[in-house]
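The sequence and the structure come next.

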Amino acid sequence: MERLTGPGTGPGTGADAPADAVDPALFREVLGAFASGITVVAALADDGRPAGLACQSFASLSLDPPLVLLCVGKGSSSWPRVRAAGRFGVSILAEEQRAVCEALGRRGEDKFAGVDWERSAHGAVRVRGALATVDCALEEVHEAGDHYLVTARVLELTARDGGSPLLYYRSDYATGAFG
């Protein structure tokens with residue numbers, strides 16, 4: 001394997017750059033080799049309308065207690081509304097839900113126009129047809145570079161039979177037959 005960058009190598013590593021500077025474009029390219037699932041993180045905002053965002057940085061964190069983590073960009077206009085709700089749903093998208101991802105990935109007020117969703121008993125917003133849903137209660141939010149690292153307690157889980165995930169790989173959508 002070729003070493004593409006490292007301490008003191010690559011663009012932006014002049015005398016005033018930190019010894020471990022990494023080129024942002026190369027960072028995106030290399031980390032894009034890690035395929036990730038795509039989720040929708042959504043809640044009912046204080047105005048009674050759904051608020052949410054597409055999120056590919058989501059993972060299980062702990063079994064005892066049951067916790068998940070996600071990372072949200074600090075520039076998200078939807079995250080403050082989701083955070084204020086305190087409870088939210090994470091819908092793990094199926095391969096046929098690319099349009100849902102695109103709707104929730106854009107900026108704007110009415111991201112849920114045309115998205116089939118439901119309110120859970122916990123007040124979370126779930127995307128209908130998702131492979132699985134996780135209802136969550138916000139635990140902690142930490143600043144981490146240009147993102148927030150969010151931990152949440154799992155309140156309820158659902159999963160459908162069959163289907164394959166919508167994936168993000170090398171800056172594009174991908175699917176896989178996992179049936």
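Contact, as used throughout, means heavy atoms within 4.5 Å.

## Basis of the report

This is a predicted model, in which local features need pLDDT of at least 70, side-chain atom pairs count only at pLDDT 80 or more, and totals for chains, interfaces and linings use all residues. Residues are numbered from 1 along each chain as its sequence is written, and side-chain values use heavy atoms, with hydrogens and water left out.

## Overall composition

The protein chain has three helices and 12 strands. Helices (H or I, at least four residues) and strands (E, at least two) are DSSP runs, numbered from the N terminus. Of the contacts in the protein chain with a separation of 6 or more, 61% are between residues 24 or more positions apart.

The chain has 179 residues, and 36% of them are buried. Buried means under 20% relative accessible area, exposed over 50%, and partly exposed in between (1.4 Å probe, protein chains only). The accessible surface of the protein chain is about 10200 Å², with 53% belonging to carbon and sulfur atoms. Accessible areas come from the Shrake-Rupley method with a 1.4 Å probe; for residues, only the protein chains shown count as cover.

Seven strands form an open sheet in the order 3-2-6-9-10-5-4, and the pairing is antiparallel. Strand 3 (50-55) and strand 4 (58-62) are the edge strands, each pairing on one side only. On average, neighbouring strands of this sheet are turned by 35° against each other, direction ignored. Two strands pair if DSSP finds at least two bridges between them. Axes are lines fitted to C-alpha atoms, for helices over the stretch in contact, and angles run from 0 to 180 degrees between N-to-C directions.

Six bridges join strand 2 and strand 3 in the antiparallel sense. V40 has A54 in strand 3 as its bridge partner. Helix 3 packs on this sheet and touches strand 2 and strand 3, its direction making about 110° with that of strand 3.

A second open sheet has three strands in the order 1-11-12, with antiparallel pairing. Strand 1 (36-37) and strand 12 (172-175) are at the edges with a single partner strand each, so one side of each has no neighbour in the sheet.

Strand 11 (residues 166-169) and strand 12 run antiparallel and are joined by four bridges. Y168 is opposite Y173 in strand 12. Helix 3 (residues 98-105) packs on the sheet and touches strand 11 and strand 12; the direction of helix 3 makes about 150° with that of strand 12. L167 has A174 in strand 12 as its bridge partner. Strand 11 and strand 12 form a hairpin with two residues between them, and R170 in the turn has a positive phi of about 50°.

## A43 and the cysteines

A43 lies in strand 2 (residues 39-44) and counts as buried, with 0% relative accessibility. Not counting residues up to four places away in sequence, A43 touches R49, P50, A51, V82, A85, R87, F88 and V125. A43 and W79 are 36 residues apart along the chain, and their C-alpha atoms are separated by 9.6 Å.

The structure holds zero disulfides. C55 is in no disulfide, and the nearest cysteine sulfur, that of C71, is 7.1 Å away. A disulfide is a pair of cysteine sulfur atoms within 2.5 Å. C55 counts as buried at 3% relative accessibility, and C136 counts as buried at 1%.

## Two polar side chains in loops

K111 is in the loop between helix 3 and strand 7 (117-119). With 7% relative accessibility, K111 counts as buried. The side chains of K111 and S78 are joined by a polar contact of 2.9 Å. A polar contact is a pair of N or O atoms within 3.5 Å; within protein, one must be able to donate a hydrogen and the other to accept it, and residues adjacent in sequence count only if both atoms are side-chain atoms. Neighbours within four places in sequence aside, K111 is in contact with G52, L53, S78, A103, L104 and R106.

R128 is in the loop between strand 8 (125-127) and strand 9 (132-144). R128 is partly exposed, with a relative accessible area of 40%. Neighbours within four places in sequence aside, R128 is in contact with Q97, D116, W117 and E118. The side chain of R128 makes polar contacts with the side chain of D116 at 2.9 Å and with the side chain of E118 at 3.1 Å. R128 and D116 are 12 residues apart in sequence and 5.6 Å apart in space, C-alpha to C-alpha.
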